[in-house]
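Here are my comments for your review. Please read them with the model open.

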Amino acid sequence: MQADKRPSGPSRMRAADRTSYDVDCLIVGGGHCGLSVAAALKERGIDTIILEKNAAIGDQWRERYERLHLHHITDAMHLPGVRYPKHVPRYPSRLDLADYLAGYAQIHDLDVRRNHRVERLGVDEGGMWRAVVDDGAGERVFTACHVVIAAGSTGVTPFIPAIEGRDEWDGEVRHSVEYTNADGFDDERVLIVGSGNSAVEIACDLYDHGAKPAMLIRSPNSWITREAFAIYHRLLLIGGKILTYVPFAWLFAPLVLLILDRYLKHEVRQRYGDLRSKGVIPHATPPMRRMAETAARKPPVYIDGTWGDVGTSVFDLIREGEVVVYTSEIDRLVPASNTVVFQDGSRTDFDFVLLCTGFEPIAKHYATFIDRPVLAKLGRPGVFKIGDEIDGIPGLWLSLGGLSSTRFSQQVLAERIAAKIQDRPAPRRILSGATAFFFAGIDPGAFQIKKRAIVINAIATIALVGWLAAALIG
Ligand SMILES: Cc1cc2nc3c(=O)[nH]c(=O)nc-3n(C[C@H](O)[C@H](O)[C@H](O)COP(=O)(O)OP(=O)(O)OC[C@H]3O[C@@H](n4cnc5c(N)ncnc54)[C@H](O)[C@@H]3O)c2cc1C
């Protein structure tokens, strides 16, 4: 704990009557986002403490289902300065990721307080942030001028739709967070509700272990293979460099995206055949465009259940009739039976309904520990302001993001916080994330144009305009 250590800048004004606080910046949550922003703050000389509820860094991944493999390649998701060890496959497993995060904290010597669940977070009369923590031995209070909430971006509170008849049904209804592996599912008929990554991977897992999975996919979707997703990420990696150094490169970025989108739109069909008659309906809008349109709200791009060249593909199973796809929603479960009745009137017997229905907006989790007055000012769930200090709540920052965008976005966030604490100008956002995506295909939230790129492009543009003007006048 550090006493009598004050930051400069606006926070000092608000906290002028205080004689001590614990640290410049508290971070709630030591996941991908929390750790990376902490490391970036440390590099900038900001004292930071991470409050993490789990007993070990990475436990949120260790606790997920065993088959889970990330759909990002390691090159696209490692945090700044620390690559994945050589033995980790291109698509890391949940355990590879958990160990990587623990190693990252160790390499940066981050001050992570484990078993420190933040029970309440609010502002005291002096304008200081106050986190009440239960560390198992009782309540403790941490104070700071700035707080970053990095308590999860998704995947925290399961979304469980109400299903009529559930309580009296003879089968069992579970959410994917309760699925570890196929033990106990031998030969069982399992209806998997949903078509996201978990749904697809769990379907493959169940099939591989002798169960009889079926899927309920109610709407068209954008499916691509994990390999294709890797192409997109590689393009981004190269594209970032090209955009920085090559004048006018951004002019071609939309074209590259368009070509990629054309390819991705038909990629699964080319590989697995036309599955529309089997219930797999591709979305009319190509994947990348959908990604830009629904940016940060809901990832619309899903994979096929394989990782690399390994493992079963759900699309092969669907094509061969091993996995049947239902397209009508569940109407009810018939009490004292195993029957599921669908809205189109059809009915089938199952032993399990496995809800791969995703998660509640992260705001629901925030509400479990953030004081009401602060919560009320946060904004609507899904449209939180990320990367900037929240309007009307000085010293509060939100850290959210997917695994590939984190390494960029958290650098920007840390730079803004450090600038505030050190009373110096902060970098300004030039384009919104979504606009950036349209122009350059860069992940929303990950975007910061490098000064070098602006200078190169500005000089090139002036030269071009000058040359054109001279040609016209001449
Ligand atoms: C099954 C599944 C697969 C996924 N696969 C991918 C993928 O392939 N690629 C991808 O980009 N994204 C994937 N995601 C989304 C992924 O979860 C996020 O992209 C990523 O974890 C965001 O990192 P984070 O740091 O915001 O959240 P998290 O990794 O969830 O970290 C939040 C941390 O905050 C801690 N915490 C929460 N509340 C408190 C509290 N009150 N007090 C103290 N500590 C607290 C948690 O214990 C946790 O350690 C997947 C999600 C799920 C559920």
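1. Ground rules. This is a predicted model: local features need pLDDT of at least 70, side-chain atom pairs count only at pLDDT 80 or more, and totals for chains, interfaces and linings use all residues. Residues are numbered from 1 along each chain as its sequence is written.

2. Ligand shell. There are 32 residues around the ligand, and Gly29, Gly31, Gly155, Gly402 and Leu403 come nearest. A residue is near a molecule or strand if its C-beta atom, placed from the backbone, lies within 6 Å of it. The elements giving two or more residues to this shell are α2 (32–43), β4 (117–123) and α6 (197–208). Of these, α2 gives the most, with three residues. Helices (H or I, at least four residues) and strands (E, at least two) are DSSP runs, numbered from the N terminus.

3. By class, the shell has eleven nonpolar, 17 polar and four charged residues. Ala, Val, Leu, Ile, Met, Phe, Trp, Tyr, Cys and Pro count as nonpolar; Asp, Glu, Lys and Arg are charged; the others, Gly among them, are polar.

4. Helix α5. The 14 residues of α5 (residues 94–107) should span 20 Å at 1.5 Å a residue, and the end C-alpha atoms are 20 Å apart, which agrees. The expected span is 1.5 Å times one less than the number of residues. Buried residues of α5 include Asp96, Asp99 and Tyr104. Buried means 20 or more other C-beta atoms within 10 Å of the residue's own, with C-beta atoms placed from the backbone. The buried residues of α5 pack against α2, α3 (59–62) and β3 (112–113); contact means C-beta atoms, placed from the backbone, within 7 Å. Just after α5, Asp109 takes a positive phi of about 50 degrees.

5. Parallel sheet. Five strands form an open sheet in the order β7-β16-β8-β9-β12, with parallel pairing. Strands pair if DSSP finds at least two bridges between them. At the edges, β7 (172–175) and β12 (324–326) each have a single partner strand, so one side of each is left without a neighbour in the sheet. Inside the sheet, β8 (residues 189–193) and β16 (residues 352–355) pair over four bridges. Val193 has Leu355 in β16 as its bridge partner.

6. Antiparallel sheet. Three strands form an open sheet in the order β13-β14-β15, paired antiparallel. The edge strands, β13 (330–333) and β15 (347–349), each pair on one side only. Three bridges join β13 to β14 (residues 339–342). Leu333 has Val340 in β14 as its bridge partner.

Note on methods: A residue is buried if 20 or more other C-beta atoms lie within 10 Å of its own, exposed if 12 or fewer, and partly exposed in between; C-beta atoms are placed from the backbone. Two residues are in contact if their C-beta atoms, placed from the backbone, lie within 7 Å.
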